[in-house]
Amino acid sequence: MYKTYDKIDDAEELLVSAKAKKRSLLADKITGDNIYKALVFFDKLYAQMNEAEKREFLSQLVDNVQIYEERKENGQWLKSIEFKLPIIEKEFTLSLDNDTQNECVVLMSKVEK
């Protein structure tokens, strides 16, 4: 009977340990809700960060930034920004040029017999 109680105690300890690990993993995991909350309070959050934290935050948010070699006539330097957002399943690119847009034009007509 004592062996059974020992097994129950061991199982309960493993369960408590597993629940603690799960809470830890969920706290570290970036979820859609966490990202939404961070974006809502972005100005306050960003103002509280030091320079190293700001760089780390931006490196996790932005994948690639393309700039022009020379400033455009309208003063624009940025060509495009690619984001790394875990809530978006496919690649998300924000282009600041009109030349990367894809358009499709279709002419449909009804043929009467």
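**Entry 1: a charged patch.** I began with the surface and found a negative patch formed by Asp6, Asp9, Asp10, Glu12 and Glu13. A reminder to myself: this is a predicted model.

Entry 2: I picked out aspartate 10 and looked up its place, which is helix α1, residues 2–28.

**Entry 3: salt bridges.** How many salt bridges does the structure hold? I found one. The partners are lysine 54 and glutamate 51, whose side chains meet at 3.9 Å, N to O. Both residues belong to helix α4, which runs over residues 51–61. They sit three residues apart there, or about one turn of the helix.

**Entry 4: cover on the lysine.** Next I checked lysine 54 for accessibility and got a relative accessible area of 17%. Buried means under 20%, so lysine 54 is buried.

**Entry 5: the chain as a whole.** I then stepped back to the fold and noted four helices and three strands. Their order along the sequence is α-α-α-α-β-β-β. Of the 113 residues in the chain, 7% are buried. The accessible surface comes to about 10900 Å², and carbon and sulfur atoms account for 55% of that surface.

**Entry 6: contacts.** Last, I looked at contacts between residues at least 6 apart in sequence: 16% of these join residues at least 24 apart.

Methods: Residues numbered from 1 in each chain as written. Predicted model: local features only at pLDDT ≥ 70, side-chain atom pairs only at ≥ 80, totals over all residues. Heavy atoms only, no water. Salt bridge = Lys/Arg side-chain N within 4 Å of Asp/Glu carboxyl O. Helix = DSSP H or I, 4+ residues; strand = E, 2+ residues; numbered from the N terminus. Buried < 20%, exposed > 50% of the residue type's maximum accessible area, 1.4 Å probe, protein only. Contact = heavy atoms within 4.5 Å. Areas by Shrake-Rupley, 256 points an atom, 1.4 Å probe, with all protein chains shown as cover. Patch = residues over 30% accessible without salt bridge, like charges linked within 9 Å, V, L, I, M, F, W, Y side chains within 5 Å. Lys, Arg positive; Asp, Glu negative; His and termini not counted. Charge placed at Lys NZ, Arg CZ, Asp CG, Glu CD.
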